[in-house]
Amino acid sequence: MTEGLESDPRVLWSEDVLRYRDTDANGHVNNAVFAAFCESGRVQFFASHLTPVLGPDTFFVIARFVIDYRAELHYPGRVRTATWLARTGRTSLGFRHRILTGEVVAGEAESVCVLLAKDTRRPAPLGAAGDAAARLVVEAG
């Protein structure tokens with residue numbers, strides 16, 4: 001399930017509490033909440049590893065997000081989300097996410113974030129952030 005991710009320092013783990021308001025008419029946690037778990041991990045990943053080396057006139061946006069739902073989640077409960085960098089490009093970063101409840105994989109996701117220049121709002125080279133990111137790529141998953 002975690003296939004070595006638990007012990008890899010390049011993998012960021014975030015934890016969330018399932019709330020009653022996360023549930024939908026079907027009695028399980030709504031699919032959109034899974035996206036929020038992944039966002040939480042990405043934001044923490046950026047803050048921990050990449051924001052300090054970003055240029056002041058750039059910012060990341062999400063360009064692609066895909067979720068595979070593996071199991072239902074129900075209130076009450078907790079989830080842990082693993083977030084890791086799967087690839088780097090010239091202007092983008094590819095992330096993988098794994099959402100677990102206990103030892104059960106509830107969802108897996110992929111996301112691509114693109115660095116934009118504030119003035120042009122067009123893709124910008126990663127530069128120093130790309131150098132830092134390259135050292136954080138995890139081949140597993």
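In what sense do strand 1 and strand 3 pair, and over how many bridges? Strand 1 and strand 3 (residues 77–88) pair in the antiparallel sense, over seven bridges. Two strands count as paired if DSSP finds at least two bridges between them. V17 stands opposite R78 in strand 3.

This is a predicted model, in which local features need pLDDT of at least 70 and side-chain atom pairs count only at pLDDT 80 or more, while totals for chains, interfaces and linings use all residues. Residues are numbered from 1 along each chain as its sequence is written, and side-chain values use heavy atoms, with hydrogens and water left out. Helices (H or I, at least four residues) and strands (E, at least two) are DSSP runs, numbered from the N terminus.

Strand 1 covers residues 12–18. Its covered face holds L12, S14, D16 and L18. Its uncovered face holds W13, E15 and V17.

L18 lies in strand 1. L18 is buried, because its relative accessible area is 3%. The classes are buried (under 20% relative accessible area), exposed (over 50%) and partly exposed (in between), with a 1.4 Å probe and protein chains only. Beyond its neighbours within four places in sequence, L18 is in contact (heavy atoms within 4.5 Å) with V29, F37, L73, H74, Y75, G77, R78 and V79. L18 and H74 are 56 residues apart along the chain, yet their C-alpha atoms are separated by 7.6 Å.

R19 sits in the loop between strand 1 and helix 1 (31–50). D22 lies in the loop between strand 1 and helix 1 as well. How are the side chains of R19 and D22 joined? A polar contact of 2.8 Å joins them. Such a contact is a pair of N or O atoms within 3.5 Å; within protein, one must be able to donate a hydrogen and the other to accept it, and residues adjacent in sequence count only if both atoms are side-chain atoms. R19 is partly exposed, with a relative accessible area of 39%. D22 is buried, at 4%. Not counting residues up to four places away in sequence, D22 touches V17, H28, V29, N30 and V33.

**Helix 1**

N30 caps the N-terminal end of helix 1, with a side-chain oxygen 2.8 Å from the backbone nitrogen of A32. Helix 1 has 20 residues, which at 1.5 Å a residue should span 28 Å; its end C-alpha atoms are 28 Å apart, so the two values agree. The expected span is 1.5 Å times one less than the number of residues. The buried residues of helix 1 include V33, F34, G41 and R42. What covers the buried residues includes strand 1, strand 2, strand 3, strand 4, strand 5 and helix 2.

**Cores and cysteines**

The largest nonpolar core has 19 residues. F45, F46, L50, F60, L85, L93 and F95 have the most contacts inside it. Helix 1, strand 4 (92–101), strand 5 and helix 2 each supply at least two residues of this core. A second, separate core of 12 residues includes V33, F34, C38 and I99. A nonpolar core is a set of buried Ala, Val, Leu, Ile, Met, Phe, Trp, Tyr and Cys residues joined through side-chain atoms within 4.5 Å.

The whole structure has zero disulfides (pairs of cysteine sulfur atoms within 2.5 Å).

**Accessibility and backbone details**

| Residue | Relative accessible area | Class |
|---|---|---|
| C38 | 0% | buried |
| C113 | 2% | buried |
| R98 | 3% | buried |
| R121 | 55% | exposed |

R98 lies in strand 4. A polar contact of 3.0 Å joins its side chain to that of E108. R121 is in the loop between strand 5 (104–117) and helix 2 (128–134). Phi of R121 is near 55°, a positive value in a residue other than glycine. P76 is in the loop between strand 2 (58–69) and strand 3. The peptide bond from Y75 to P76 is cis, with omega near -10°.
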